[in-house]
Amino acid sequence: MSLIDSHGRQVRKLRLSLTDKCNLRCHYCMPVDQEFMDEGRYLTPSEIRQIMEELVGLGVEEVRLTGGEPLVRKSFDLILQELSQVGLKKISLTTNAILLDKNFDLLQRYNVSSLNISLDSLDPNNFKKITHGDHFNRVYANILKAQELGFQVKVNAVMMKGVNDHELLNFVHFAEETKIEVRFLELMRIGYACKEQKDQFISAQELIDRIKMKTSLRSVLLPKDSTSFNFMTDSNGQIGFIASESQAFCGQCSRWRLSADGILRACLLKDDGRSLKNLNKAERESIYFELLGMKPLMRPSEVSHDMNRIGG
Ligand code: SAM
Ligand code: SF4
């Protein structure tokens, strides 16, 4: 039995949020005075293991750990230990990289080889303005260190008009110089970003047009459920675009999301999900099949819940 919906979409990937807490306050993600859930509501490492064993049995192959900031979860090491035993083909991590230096050994021990790292500015002052955290140097050093240690690193940058779009070509240059893939994310209308940041949206096409004034772009072939579409520049920098707003990829989506408190959702943009907390195996399995019918085919419009709560 596997998880294939009536539109032929097979669930192969899970974004697993380990916490809604974070050591930054990116201005499009959460307010400075954000309130977080009680840690007593979190799925425990052994509950995560049980659920993952069941999902792997139904065809889920990959897990990406996210949050909030997954590296601030206190039992991060225990969770990795549990996940390493359930037969996943790949475990990867999305992080702001502040705590990476303390975790390289752990990540290597459990074969977490793919790191998506958020970096919205290459300028320390602008980084501080966007994230409300004075951590640029540590983050930048950790990105280069991760690459040196052989991790597969991608940098994610949310591009925003008047905030960091003047750095667009610097990011392209960074991709060319370091050979680290940089992916430009469209600002999504979700949670906090629906309120104050609405006017900062820039489409992927606008970014592409601007980049094309400096370099030609050759398409890169990627798997059909890739969230980004990618190009190589003349100087062999790889850049990608995650156009969740202007070119939503719902038709090819292979992902579910599990929040830190155990709510399983078929889509980041749909608030309705089903809680797996305190259920037995049979009850959880009936939810897995119910969820197959809950995956939208078209991008839902403005979404009120917060990205850090569901897991970006
Ligand atoms: N803390 C980790 C990090 O920042 O990489 C993982 C969680 S974060 C919610 C995951 C990704 O979601 C980050 O790349 C972040 O930039 C992105 N994100 C958060 N809010 C967003 C929004 N409104 N629009 C687009 N991307 C957003
Ligand atoms: Fe934290 Fe990531 Fe949200 Fe920034 S985008 S506030 S690093 S969870």
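**Figure 1. Strand E5 pairs with strand E6 in this predicted model.** Six bridges join E5 (residues 152-159) to E6, and the two strands run parallel. Strands here are DSSP runs of E with at least two residues, helices are runs of H or I with at least four, and both are numbered from the N terminus. Two strands count as paired if DSSP finds at least two bridges between them. Ala 157 in this pairing stands opposite Phe 184 of E6. Four bridges join E6 to strand E9 (residues 238-242), again with a parallel run. Phe 184 has Phe 241 as its bridge partner in E9. Strand E6 (residues 181-186) is largely enclosed by the rest of the structure, because five of its six residues are buried. Buried means under 20% relative accessible area, exposed means over 50%, and partly exposed lies in between (1.4 Å probe, protein chains only).

The model is predicted: local features need pLDDT of at least 70, side-chain atom pairs count only at pLDDT 80 or more, and totals for chains, interfaces and linings use all residues. Residues are numbered from 1 along each chain as its sequence is written, chains are lettered from A and ligands numbered from 1 in the order in which they are written, and side-chain values use heavy atoms, with hydrogens and water left out.

Figure 2. The buried residues of H6 are Leu 168, Phe 171, Val 172, Phe 174, Ala 175, Glu 176 and Thr 178. An α-helix has 3.6 residues a turn, so residues three or four places apart point the same way. Cover for the buried residues of H6 includes helix H5 (136-148), E5 and E6. Helix H7 (204-212), strand E8 (229-233) and E9 are also among the covering elements. Contact means heavy atoms within 4.5 Å.

**Figure 3. Two residues other than glycine, Lys 179 and Asn 111, have positive phi.** Lys 179 lies in the loop between H6 and E6. Just after H6, its phi is about 65°. Asn 111 has a phi of about 55°. Asn 111 sits in the loop between helix H3 (104-109) and strand E4 (114-118). Asn 111 counts as exposed because its relative accessibility is 62%.

**Figure 4. Ligand 1 has 19 residues around it.** A residue belongs to this set if one of its heavy atoms lies within 4 Å of the ligand. Tyr 28, Gly 68, Glu 69, Ser 118 and Met 188 come nearest. A polar contact is a pair of N or O atoms within 3.5 Å; within protein, one must be able to donate a hydrogen and the other to accept it, and residues adjacent in sequence count only if both atoms are side-chain atoms. A nitrogen atom of ligand 1 is 3.1 Å from an N or O atom in the Glu 69 side chain. An oxygen atom of ligand 1 is 2.6 Å from an N or O atom in the Ser 118 side chain. At Met 188, a polar backbone atom is 2.8 Å from a nitrogen atom of the ligand. The protein covers 95% of the 540 Å² of accessible area that ligand 1 has on its own. Accessible areas come from the Shrake-Rupley method with a 1.4 Å probe; for residues, only the protein chains shown count as cover. Strand E3 (90-95), E5 and E6 each supply at least two residues of the shell.

**Figure 5. Asn 230 is placed in strand E8.** Asn 230 counts as buried because its relative accessibility is 2%. Its side chain makes a polar contact with the side chain of Glu 181 (2.8 Å). The Asn 230 side chain also makes a polar contact with the side chain of Ser 228 (2.8 Å). Residues up to four places away in sequence aside, Asn 230 touches several others, including Arg 218, Leu 222, Gln 238 and Phe 241.

**Figure 6. Glu 62 lies in strand E2.** E2 covers residues 62-66. Glu 62 counts as partly exposed because its relative accessibility is 22%. The C-alpha atoms of Glu 62 and Lys 13 are separated by 4.8 Å, although these residues are 49 residues apart along the chain. Glu 62 touches Arg 12, Lys 13, Leu 14, Leu 88 and Lys 90, not counting residues up to four places away in sequence. Four bridges join E2 to E3, and these strands run parallel. Val 63 has Ile 91 as its bridge partner in E3.
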